[in-house]
Structure formats: structure tokens, C-alpha cells
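I set out to look up how the two chains of this model meet. My entries follow the structure shown here.

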2 protein chains.
Amino acid sequence: LRVREALRAPEPVEQVKVQGWVRSVRSQKEVLFLHINDGSSLESLQIIADPSLENRDLTFGSAVEVQGKLVKSPHKMQNMELKAETIRVVGPCDTLVCHCSRSPTDRTTLEMDFKMSKCAAKHAQTEVSLMFSLFQDNGYVHIHTPVITSNDCEGAGELFQIGVSNEAKESAEKTHFFNVPAFLTVSGQLHLEVMAGAFTHVFTFGPTFRAENSQSRRHLAEFYMVEAELSFTESLQDIMQVMEDLFKTVTSTVLSKCPHDVELFHKYVAPGKQRSLPRKMGLFFPSSCSISYSEAVEILKQASQAFTFKPEWGCDLQTEHEKYLVKHCGEVPVFVINYPYDLKPFYMRDNEDGPQHTVAAVDLLVPGVGELCGGSLREERLPFLESRLQRLGLADTYQWYLDLRKFGSVPHGGFGMGFERYLQYILGVDNIKDVIPFPRFSHSCLL
Amino acid sequence: LRVREALRAPEPVEQVKVQGWVRSVRSQKEVLFLHINDGSSLESLQIIADPSLENRDLTFGSAVEVQGKLVKSPHKMQNMELKAETIRVVGPCDTLVCHCSRSPTDRTTLEMDFKMSKCAAKHAQTEVSLMFSLFQDNGYVHIHTPVITSNDCEGAGELFQIGVSNEAKESAEKTHFFNVPAFLTVSGQLHLEVMAGAFTHVFTFGPTFRAENSQSRRHLAEFYMVEAELSFTESLQDIMQVMEDLFKTVTSTVLSKCPHDVELFHKYVAPGKQRSLPRKMGLFFPSSCSISYSEAVEILKQASQAFTFKPEWGCDLQTEHEKYLVKHCGEVPVFVINYPYDLKPFYMRDNEDGPQHTVAAVDLLVPGVGELCGGSLREERLPFLESRLQRLGLADTYQWYLDLRKFGSVPHGGFGMGFERYLQYILGVDNIKDVIPFPRFSHSCLL
């Protein structure tokens, strides 16, 4: 029986076996209390045993197998408890070595960390399922875009390159494994665009990479992105509508399905850094809350706040700017649209406006996190794309991309959402490294 | 309206708009016939139009937007058709350039390829959903294991190594981005083992990599694996039961849900290479169909067939051997268990038998594909693991792994299944490169 099932059992059960790890041991004269957990529930199961069953291996962290009777608990706080007949320690845990540097208060922190990381992992699972369902219910086809790619997508230059590990072998052969230089993908977008030419609506959910030498609370070198691409789409508003639906539906479902988890997180966010619950943000999301980049720059220029980076038309919005804009709009998610042409990658659709020349791009900024999603209409007009790629010296590299505009091209667009940033947002976690079990960032690749 | 919805509409609709790509154009004196598809269905929608609506851009492959009335079709083969009022070509397709080298027969092949690749993409989606549901319904927690890792897992030496793309920058800094050498993961197993110590039952579905210089029909340099890890498991049979449930449930669900797709694939598999439908294999899967490695070697030695590689106890089973074993057992999936100790990686559990010393490993061989899954009990006993790692000179590298055996260690095991191989199996596709849109293998990394 899993702990979750034991806790929820409607009736007493004569003979059960529960396996898990000891979360607390309290020995009294007449009775031995244990709490064990197996990861199936945030709550632990209370075990009542005869003190004769205690042994020196029965410590915090040890793995045990308990057999006995599942009975109604006399305490209000829990439904069932387990009267142990046998307790077998299958894996001891030397607490002296394990926690020697930790005081009893630290033990609570440890327990809290444990609950929170479990919670984060389960959340990731919930959110992924919700996103998949939402896309699939709306007729999107899921595509596995590749991790290894020979194109560098945005020409951003923050790429990881791939070689074979046996360097001698590589230099002996004097060739690349793939014949061409290969990189870790920074986005599945270009591949999604290919597939959107067959399926109309497609999405992907996969790992993406940035070789940014950043120690920020918002950046990882390896992170997941959910990306969608929509053929036959001529308006940025349509793309924003899909972004908003995704954001709103998943957020409100999570908040209504797992309020305890979310509260747990918010409760343990360091005091002072605590911010208003996303519950409020999730349900309040006026669709009109969108401003143009030019308006955003004006708002920033008129701000009383002194920025480290002076806001100037043509420059990227910095984190401090994003935070100000979100605050200015009332701590709700904010769409910023129509960014300067020269700031954005070649594939974004020229708005042909001027003299402040822009492209049909959109970023979604959210409280506490800043930029969460980015999207655009893609330039579907061959002459525009050709001349831009030629000016950038990329026309040969992206010949295949130009070909997509020659044979049954359609107006289209799409967006990507950083998955860990979304988790960070919904859980109110300050540092993105705390929402996943094995974070990768510069100077760190544990295990 | 999507094509799928149009085809399935229960009633005529006065005014609809359908967007898609032209799959055929047939112009007659009195009427213009088109078929258009938008990827939502394998069937295309028939459009009936006045010949005056024809224009030179209306060719095979072009993208169109058709407005008109959806009416009942007089033909038996289809339910609804669309009487066009306007046809707008949004993206022309120059068929002379696109298909100049293709004869009309090739056109059919092209159409077939198109259907098959669409089908494969949709299948991948179906199978992924089924696997996720199956695991989650059984209480498994989904874990994102990292792509970038500092451990080389099996010490197999067929790894891709990661550098930053700007080589000058790298050599200038004289350091690795992650401070340690980093690789693309070959398996999420070791990370899953960590998480199985918190959640008991975990699974992952993610990309894995092999730098094998292989051009075989069964190998890719980048492929997806579904992997599961189960704590509190002391028997290889329990692991095999989970493997079998996964295989059987997904296979039978797919065959009952999408019989048309599977038939389409089997119909177009090159004659001569066609093999018995997995329908048969999927439903027949006697759980007793398991043999030991030693028995397998005996069967191979007594075979009348001449093998390129002579079967010998202690050597790996080759593809030809796997095929023979599957045939010998009646073209059904076959478990082979208890492989030689010296053949397998350090983490597999010592059976302590002899003199033919084995570990508790299992491979699942299936018709047409050979090895589909591999699993094992993991060595949970610290002294066994320590001495093995010391002999291999890996004790320092895997200190963290040894630590897992010190603090609440439990008997556990797990397995991995190659996802594209599974698609290859269920669709009866001869070459693994045909089941995914962007295959990566040695000397090839398109786009």
C-alpha cells in the first residue's frame, strides 16, 4: 500500500504492508511513534508500535517496511494510522554522518526543503499534463523537435557545440560526427515551422539550451520550453490569445486543483520577498492588458524610479524595466508588442511602419519573474525574408528556410514559454534553480 | 473549420471557411475538383468549384483558403464535401521546381510518404500520451532528468561532449563552462535512482544520445527513451511485469484505437519485407516467454543456421542472434534474463551464482526490431558496489552514487525502452529514420 492510499483508506484494513522512509521517530515509555513517507503524499503516515520494535537502525532517513493493521486514528489531524506488528529496516541511514552539521532547527528546514522539492516535482508533472491536454484538445499535433541541430536559430552566439568525447579519435578522422558543426538547440521554432506546413497547428515541449555565463535567479543553461506554431494566422492578437489561454487555463486549474501545495510554497518563501499570491494574478488577467514597446519606453522614461539602465527607444528592456512595467500595470501579466526591427531576429514579421520601424513581436511579462513568453508573427513574404537574410549574410545557411516560403507558404506565427520560469511564477519561488531537481548553470553540473 | 471537423460534420453548414494545402487538382469542363488537407486528418476534403475559380497558382502543394457551403456528398466514399464560393491562394507552390524530377508514379509515392510521416507523427503523440497516463495512473512521478550531465553513466565511451561554440573564448578562459567536462546523457537512469529515493516510483521520457558511428536501420544518435525506476523491488520478475504491462497496454490500445493507421503502414511496407502484423504479437504475449541468457546461448549453438558471429557464452547477443531467438520462440516478444557479470555495467545486481557468474539483467527482444527494452535490478548493497567501482577505477567519480546506498538505501530496479524503436515495431517500419521528422545519425544532421 502506498502512504497516500493508506491515509485515504475509507475503512480499517486487517493486514497491510507499507514501505517508505522514516521522517520522524519519537520513542515513549509505552509506545513508539514513527512517521513514514514514500513520496506519494505530502503528509506522512503515523505508525504506532510497541517500544520493543525499536532498534538502533530505526532512524530519520532509514528505509523501512512496516506490516500491521490500518486503523482509524483517534486524532483529528489524520484519518488513518498504522498499528505495526513488524518493522523491518531495509536500508539504514547514519544520521550522524548525514546531518552532523545540522541543528534541530535545520532539521525542520531540511524537512521543509524535502516537502518543497517533492511538491515542485509533482507540480511540474501536473503542469506538463495540463499543457499537453490543452494543446491536444485544440487540435495541435505534438512534435519532437531535435536537441542536436546544425542551425544556430537566432545567430545569438550563446550556443553549446557538440563534439565526440574521444578527442583523439575526432582529430584523427578530421571530420565532425555529423559532417557539419552541430549545436544544442536554443529553440524548436524553426523545426516547428516546417511541421506547421503539414499539420497547421503544432506544439513541442522539450529541452533547450543557452551557454550564457549568468548566475541570475532567472536563468538556467538547460531548461524546458513549450512552443507552439500556428499556420494561417495573420494577427498578433490571435497568437496572444493562445498565449493567454494557455497561461490562464493552466494557472487557474493548478490553483483550484492544488491550493495546498501553492500555499505551502508561499508560506515558506523568505519573508519580505513574499509577494501576492498568483491566485489573484491568475484569475485577474484582463485581456486588454497590452502595451506597445514604444508606449512601454514612454512609461519608463516618465518613471520617478532611477534605473541602472536608462530606458531608450531601440534598447532591450532590462529586468528592472520589466518589473516596473508589471508594477505600473497593477501587478498583473502584461503583453508588450511591436519591438524595434533591429532588436529582433530575422524571422519576425516586418510591420513596415516608420520611422520607428518595428516587427510583430510580443513578450509576456509576469509579476515576480519578468519575461515568461516570447512570440511573433513570422515573416512569410519571400522577398522581405530574402533581403533580410542577405544583409545578415545568412542567406546560404537558411536556404532551406527560404524554401519554406516558396512552396505553399502561409501567414503564421507562434510563441515559446519557459517552463521552469512558469513553475517559478506559479509557486512563487525566488530562485529558478529551486524548481527542478538537477539544475544546470555556469560552473555547475552536479551529477 | 479544420478538415477533420468538416469531414465529420453531422449536418450541412451554410457558410464555412477551410484552410489547407492542395493535395490534388482536377479540372473538368463543368466543374473543378480539389482535394485539400490541413494535417488534421489522413483523408482530404473534396472541394467542388466552378471552373471560373481556377487560376494558375492553384496547383498541387499550394496553400489555399476556401469559403463556401458544406454539403452532404453524393459519393459513398465521403460524408461531406465543400461547394466553394471563393478560393484564395495564400501561398503558391511552383510544382515545376518542386517536383521536376518526379514522375506521376513518384507523385503517388510522395503522397504516400506524406501520409505516412503524418501518421508517424500522430502516432508518436498517441503513444506518448498512453505511456504517460499508464505511469501516472499507477502512481509514478514524472521526472525531468537532465540532458547535460557530468557523469558518463555506463563508461561506454560513446558520448557527445559539450563545449561552448565560441572556441576562442573557451581557450582564453581555460575552463569548462560547467567547470567539469560535460556530456549529453546516454540514460536518465542514475538521476532516476536519486529521485526513486524520494518518490518510490518514478519515470522519465526524454532525449538520450549515442555517438555511435552506425548507419544501421535500428540506430539513431539522438532518440527518446521512456525509463522507469521502482524502489522496494527485490525481484526481476516485478520489473518484467511492469515492462510487459507497458508494452501490452500501449500496443493493444493503439491497435484498437488506430487500426487504419497501422494497416496503412503495413500495406506500404516494401513487399517481401512485410511481416506479420503486430496485432497478433501485441495480443499474444505469454508472460512465460522468458529464457535465461545461458539458455539463449544453448539455443543458438544448436541452431542449424550459420551465424556471422559465433554464439559463445560471455559474448554479447548480436542482431542476428536476437532475430533467431525471436523466431525460435514463435515470433513473439522474448525476455532474456541473467546476463554475464562481465558484460554488463557496474550498477547491475550480482546474482552471486557461478561458475557462470551473472547479474539480474533483462532485455526484451521483439519481432522485426530486436532489442527494445533493457532493465535490471540495481546493486543496492554498498560493499558489492564499492568493490566493483574500485576495480573499475570509478569509485571517486561515483562517490555520490555510493552515498545513495548509505542513507536509506532500498532494493530497486528499473528499465528503459527506446521510443523510436517502439514506433518502428508497432508501425512495422523497416528503417528507424522513417518514424521521426528530423533524424540524427552519423554524417547527418539536416536543419
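How many residues of chain B are in contact with chain A? I found 95 residues of chain B in contact with 95 residues of chain A, contact meaning heavy atoms within 4.5 Å. I noted that this is a predicted model, in which local features need pLDDT of at least 70, side-chain atom pairs count only at pLDDT 80 or more, and totals for chains, interfaces and linings use all residues. Residues are numbered from 1 along each chain as its sequence is written, chains are lettered from A and ligands numbered from 1 in the order written, and side-chain values use heavy atoms, without hydrogens and water.

I next looked up the buried area (accessible area, 1.4 Å probe, lost on putting two parts together, summed over both). Chains B and A bury about 7,400 Å² between them, with 62% of it on carbon and sulfur atoms.

I then turned to salt bridges (a side-chain nitrogen of Lys or Arg within 4 Å of a carboxyl oxygen of Asp or Glu). There are two between chain B and chain A; A:Arg88 and B:Glu234 form a salt bridge at 3.4 Å, N to O. On the side of chain B that touches chain A, helix 3 (residues 104-137) of chain B gives the most, with eight residues; helices are DSSP runs (H or I) of at least four residues, and strands (E) of at least two, numbered from the N terminus.

For confidence, I recorded ipTM 0.90 and pTM 0.91. The mean pLDDT (the predictor's confidence in each residue, from 0 to 100) of chain A is 86, and 87% of its residues reach 70 or more.
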